[in-house]
Every structure is written in structure tokens, then in C-alpha cells.
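Dear colleague,

Please find below the structure that I am handing over to you. My notes on it follow directly after it.

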Amino acid sequence: MGETLKVGLLGYGTVGSEVGHILEKHSEMISKRVGATIKVSKVLVRDASRARKNPIPAGASIETDISAILDDPELDILVEVMGGIDPAYGWIRAALEAGKHVITANKELIAVHGGELLDLARDNSADLYFEAAVAGGIPVIHPLREALIGNRIELIMGIVNGTTNYILTQMEQGNSYEAALKEAQDLGYAEADPSADVDGHDAAAKISILASIAFGSRVTPDDVFTEGISRLSIDDLAYAEELGWVIKLIGLAKRVEGGVDVRVHPTLLPGDHPLASVKDEFNAIFIEGDSVGELMFYGQGAGGLPTASAVVGDVIDVARNTMAGATGMLGCTCFDDNRVIPIDEVVSSYYLRTAVLDRPGVLAKIASAFGRYDVSLAKVLQMQTLEEDRAELVMVTHESQEANVRKALEEIDSLEEVVGVESLIRAEITEGN
Ligand code: NAP
Ligand code: HSE
């Protein structure tokens, strides 16, 4: 094959080493599909002496100084699989300014700086692709930007973090949170700092990216109400199972009156919801568009090889653009300026668990506090009697405004018969389930 396109690979860890391996293993097949050879010619790491899962691609040099890559005029494409905002942000800016095409798996960076970097790519006739930044190996960015672009997207609900879905699945099977997190780290699913996974920030970055594309409006992680899984109680997982529900860490983006509702938190789902059966490190994104209706993307959302599949797909796309002389982006697709509604204005159903003194009249007092704040109860269940005169109540509300639910709970918590409000979990359930 005549022409060769040269790639600089920034990072050779869990994802980067699989990118190098796939590009080498499928080199011949890829050449046929692109009409040119794609060759990794430089690999940047922090520690050149570290043992690697896969060998550095044949003929590539290993570098520890970024200038060897940024100053190399022969490199056509940069693949950033290091993670973190700095120094990736400055290096990607410099690469785009030099007219190099960039592919990144870095959701944190794209969620915060994506709009500006897309504009920079456009201004320098370069491509900037980031399919792997959301849901690992699952194609969802390309479908939203291409096949679904004629739809008005109404809703996205996703299990977009593999680590937390893996932990929740293990906890449902009776295993401990700590052991499950350690396994997720050993399997290469977790971020370098796993608090990004368990505290929901990784999912918030991903739902920000999806919401920005779907609603044609910038949504950044600072706009997104975020709650992780670290305070989730094993009792709630068990009760949910007993009642035919599941609890998942969900990233949600919904058009609502007066703006868009974008948030990440543990969410109670009915057992027959399409997202309820998504287990382990698998991810799924459920989308509703006005023309297409409901659809769901499902697959491996974390792990080196699935994520590298998405990165290599982008490399091939960019290479094909280059061969066709058709590189260059539209820039940020932020045409509208939608308000992201604050959590107090959110309308949802709620699962609430309280410990109470098992005495006559307690339920009436709780119900009347909810009534005063316009919160109507759909279900009340006495789950078990705790020690002596104490009982545990699980209540599920009809759709209510979050601020009202919180005010009612404050009043309920102060009742002398209430030992404590133990849990508040937002629920996506409909009447009847
Ligand atoms: P990783 O295993 O920690 O690998 C990071 C690589 O980048 C390492 O090779 C490291 O070099 C190199 N690196 C980091 N900072 C550097 C610096 N300042 N200068 C030079 N090299 C540097 O991370 P990963 O799991 O592959 O993740 C990479 C990116 O993919 C992140 O943005 C992550 O969010 C994203 N992602 C990961 C997954 C997944 O399942 N792992 C899925 C989707 C997206 P050394 O090896 O010498 O330390
Ligand atoms: N840490 C992330 C996860 C990797 O667990 O989903 C994929 O982005």
C-alpha cells in the first residue's frame, strides 16, 4: 500500500497497549479498509522501563518527552489515552493547532473542554474524535452525531460506568463493596483514582458529553447533580430485589419544561426495565428520539480491549477522512442554550426508607407531613420489625418535586416516633410497578 499515516500514541497502559496491539495485529486488514498503511511510530509513557502487557509496536520508538511527538511534522494522528485534564489538555491543543488529528478516550477532558477543542479542530482543519470517552466499546457518540441526528432526542438513560455496575452486581450477590472494587481495579475497569467511579464523577462526565450532543447545547459536569454509590446500603439492594426492583447508577438526561434535567445517582428501576438486566462491567444506553422511538445500545463499557476497539475505529475513520481529503470538523455543535434545571426543581418518584417506633398513629403522622408538601405516596411497606418496638418502613412516592420531598422528610425526621430517615433513592418507576 503506497501511503503511510503515522500515529503518535500518548499512553501505553490498559487502553493504549491494546490500541497498539490491534493496529499491529490487524495492520493488513486495516490497510485494505483505509487505502493506506497506519503505523504507530512513537509511543509516549511516563516510565520507559515499566513492563507492558503488549510489546511496543514494531518499529515504534518509546518516548518520555512530549516534544518528540508534538514537534514531529511527520506524525499525522495523535491518540491520547493517558487520562486526566493536565497535561493532556495543553498537548491536545498544541497538536490541533499544528493541524494534527486527535483521538482521545478522555471523558474528563472532553466533558469540560470539548466545545472549545472542537472549535479549535475546525479552525485548523483537523479532526477530533472521542468515541471511547463514553461507554468504552459501545458506539454511541457516532450514532448520536450521525444516524440519529434527524431526531429530537427526548431522553437518555445510561449505565455508563462499568466499575460501579460491576460493584453493584457483586453486592447483589452478597459480596462486599471493598472486595468488588478491588476486583474492578484488578480487571482494569477503574479509573486511576477510583473515587471518580464510585462517587459518580466519571458517569457525570459521560452524561455531560451525551447531553451536549443530544440537546445541541453545552452541559458540563459542574451542571450535573452527582451522587455516587458509596453510601448505598446493602439493605436497600436487598429490599429492591425482594420487591422486584433493581438499583443502578444511572446517568440521566431528559428534556423537561424550562430546560434539561441532567443528573447521576443511584436509581430504582422496575425489574423489567431494559436497563435492569445489565450486569457486571457491561454498560447500556437507552435513548428515546421523536422519530426512532426507543432504542438501546449495550456492550462492554470498560476494559482495555473493548475501549481500544472504539479508539481504533476512530483512528480508521480519521485515516479515511485524510485519504479522501475530507478532514475538518463543524466545531462545537452547541446551537442552543438550554438551562440545566437545579436538583430542587427535579420531578421524580422517590424510594424512602425510615426506621420508626412501631406505635399506632405513626403512619398517619408521616402521611400528613407528606400531604402538607404535596407529596403523594404510591406504596408503603413495613419491611421488618427491628429490635423490640421498632419497625422499618419503605415508602415510594408518586412523582413529586424534590424540594417538597426534602422539606417533608425534614419534618418527618423531627417526629418523636421517627428514629431516622435512612435512605432516599430516586426512582424511575411507573404506576403498577
Ligand atoms: P492507564 O492504564 O493508567 O494508562 C495511562 C497511560 O498513560 C500509561 O501508559 C502512562 O504511562 C501514560 N501517562 C499518563 N500520564 C502521562 C504523562 N503525563 N506523560 C506521559 N505518559 C503518561 O489508563 P487507562 O485505563 O488506559 O485509561 C486511559 C484513558 O482511557 C483515560 O482517559 C480513561 O478515562 C480512558 N478510558 C479507560 C477505560 C478503561 O476501561 N480503562 C475505558 C474508557 C476510557 P506509564 O505507563 O509509564 O505510567
Ligand atoms: N472507569 C470507567 C468505568 C472506564 O468503570 O466505566 C470506562 O470509561
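A polar contact is here a pair of N or O atoms within 3.5 Å; within protein, one of the two must be able to donate a hydrogen and the other to accept it, and residues adjacent in sequence count only if both atoms are side-chain atoms. The model is predicted, so that local features need pLDDT of at least 70 and side-chain atom pairs count only at pLDDT 80 or more, while totals for chains, interfaces and linings use all residues. Residues are numbered from 1 along each chain as its sequence is written, chains are lettered from A and ligands numbered from 1 in the order in which they are written, and side-chain values use heavy atoms, with hydrogens and water left out.

Ligand 2

In the side chain of Asp-197, an N or O atom is 2.7 Å from a nitrogen atom of ligand 2. A nitrogen atom of ligand 2 also lies 2.7 Å from a backbone N or O atom of Tyr-189. An oxygen atom of this ligand is 2.6 Å from an N or O atom in the Thr-163 side chain. The residues around ligand 2 (those with a heavy atom within 4 Å of it) include Lys-107, Asn-161, Gly-162, Glu-191, Asp-202 and Lys-206.

Ligand 1

Ligand 1 is surrounded by 25 residues, the closest being Val-15, Asp-47, Arg-52, Glu-191 and Gly-303. Glu-191 places an N or O atom of its side chain 2.8 Å from an oxygen atom of ligand 1. For Asp-47, a backbone N or O atom lies 2.8 Å from an oxygen atom of the ligand, and for Arg-46 a polar backbone atom is 3.0 Å from a ligand oxygen. Glu-191 is also listed among the residues around ligand 2.

Helix packing

Helices (H or I, at least four residues) and strands (E, at least two) are DSSP runs, numbered from the N terminus. Axes are lines fitted to C-alpha atoms, for helices over the stretch in contact, and angles run from 0 to 180 degrees between N-to-C directions.

Helix α7 (residues 162-172) and helix α8 (residues 177-186) have axes that come within 9 Å and cross at roughly 140°. That angle makes α7 oblique to α8 (under 35 degrees counts as roughly parallel, over 145 as roughly antiparallel, 65 to 115 as roughly perpendicular and the rest as oblique). The crossing is right-handed; a crossing has this hand if the near helix is turned clockwise from the far one by less than a right angle, and is left-handed if anticlockwise. In contact (heavy atoms within 4.5 Å) are Thr-163, Tyr-166, Ile-167, Gln-170 and Met-171 of α7 with Tyr-177, Ala-180, Leu-181, Glu-183 and Ala-184 of α8. These residues divide into seven nonpolar, two polar and one charged.

Helix α5 (residues 107-123) and helix α10 (residues 201-215) cross at roughly 45°, and their axes come within 8 Å. α5 is therefore oblique to α10, and their crossing is left-handed. From α5, Lys-107, Glu-108, Ile-110 and Ala-111 meet Asp-202, Ala-205, Lys-206, Ser-208 and Ile-209 of α10.

Helix α1 (residues 14-25) packs against helix α12 (residues 304-324) at an angle of about 55°, with the axes 8 Å apart. The crossing of α1 and α12 is right-handed. Val-15, listed above for ligand 1, is one of the α1 residues in this contact.

Backbone

Most residues other than glycine have a negative phi, and most peptide bonds are trans. The peptide bond from Asp-86 to Pro-87 is cis, with omega near 10°; Pro-87 is found in the loop between β4 (77-80) and α4 (88-97). Ser-125 is not a glycine, yet has a positive phi of about 50°, and lies in the loop between α5 and β6 (128-129).

With kind regards

Conventions. Nonpolar A, V, L, I, M, F, W, Y, C, P; charged D, E, K, R; others polar.
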